[in-house]
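Please open the model in your viewer and keep the selection tool at hand. This tour moves from one selection to the next and says what is found at each stop.

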Amino acid sequence: MANMGLDFESPKKDDVKKWEHIKSLFSVGITFHSCGCSGPGYIPSSKEKLMEYFEDIKKRYLENMNFWRSRIEPTTKQEKERDLNKNWHKLSSISPNYKKEIVTNQEGLDYWHVKIKQVEEKLNLIK
């Protein structure tokens with residue numbers, strides 16, 4: 001028994017293929033929970049689409065990793081302000097204190113490395 005959420009509609013008992021897909025969704029943390037206003041969001045409808053979904057996430061995470069590899073860390077107050085104005089959305093995902101402290105490239109690389117590893121683990125569960 002698993003709590004799949006209020007928006008879950010179970011397949012027929014004898015539809016083994018759909019139940020296997022539901023099992024793989026649950027194993028990677030995808031459920032049908034929502035606040036009731038807009039539904040649970042995107043739920044991949046097949047194993048192939050589920051793998052494609054996580055591959056797309058991994059691709060975006062790798063793009064973020066490339067940002068942190070190529071970013072030049074600010075050293076002066078003026079560079080810090082420029083970096084903050086230009087890259088606040090990237091900085092804020094790494095540190096809640098991004099306005100007060102300089103977020104290092106290593107912090108960004110470490111953060112995205114963990115996220116990529118999590119996605120790869122989910123992909124391995126699906127395979």
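Start by selecting Tyr111, which counts as partly exposed because its relative accessibility is 28%, where buried means under 20% relative accessible area, exposed over 50% and partly exposed in between, with a 1.4 Å probe and protein chains only. The model is predicted, so local features need pLDDT of at least 70 and side-chain atom pairs count only at pLDDT 80 or more, while totals for chains, interfaces and linings use all residues. Residues are numbered from 1 along each chain as its sequence is written, and side-chain values use heavy atoms, with hydrogens and water left out.

Next, look at the aromatic rings, of which the structure holds 7 pairs; rings of Phe, Tyr and Trp (its six-membered ring) pair if their centres lie within 6.5 Å, and planes under 30 degrees apart count as stacked, over 60 as edge-to-face and the rest as tilted. Select Tyr42 and Tyr53, a tilted pair with 5.5 Å from centre to centre and 45 degrees between the planes. This pair links distant parts of the chain, since Tyr42 lies in the loop between helix 1 (16–27) and helix 2 (47–70) and Tyr53 in helix 2, 11 residues apart; helices (H or I, at least four residues) are DSSP runs, numbered from the N terminus. Tyr42 counts as partly exposed because its relative accessibility is 49%, and Tyr53 counts as partly exposed because its relative accessibility is 28%. Going back to Tyr111 and Trp112, you will see that they form an edge-to-face pair, with 4.9 Å from centre to centre and 90 degrees between the planes. Then select Phe8, Trp19 and Phe32, which form one aromatic cluster.

Now move to Phe67, where Lys90 lies over the face of the ring at 5.2 Å from its centre (a charge sits over a ring if NZ of Lys or CZ of Arg is within 6 Å of the ring centre and within 35 degrees of the ring normal). On a 1 Å grid over the protein atoms alone, a pocket is an open set of points with protein on both sides within 12 Å along at least five of seven lines, a cavity is a set of points where a 1.4 Å probe fits but cannot get out, and lining residues have an atom within 4 Å of a point. The largest share of this second lining, 5 residues, comes from helix 3 (residues 77–94).

Which residues are the closest to the centre of the largest pocket? Of the 13 residues that line the largest pocket, they are Lys18, His21, Ile22, Pro44 and Ser45, and the largest share of the lining, 5 residues, comes from helix 1.

For the largest cavity, select its lining, which includes Arg71, Pro74 and Asp83 along with Leu84, Leu91 and Tyr98.

Finish with Leu50, Phe54 and Trp68, which touch the most other members among the 25 residues of the largest nonpolar core, a set of buried Ala, Val, Leu, Ile, Met, Phe, Trp, Tyr and Cys residues joined through side-chain atoms within 4.5 Å. The elements that give two or more residues to this core are helix 1, helix 2, helix 3 and helix 4 (105–126), and helix 2 supplies the largest share, 7 residues.
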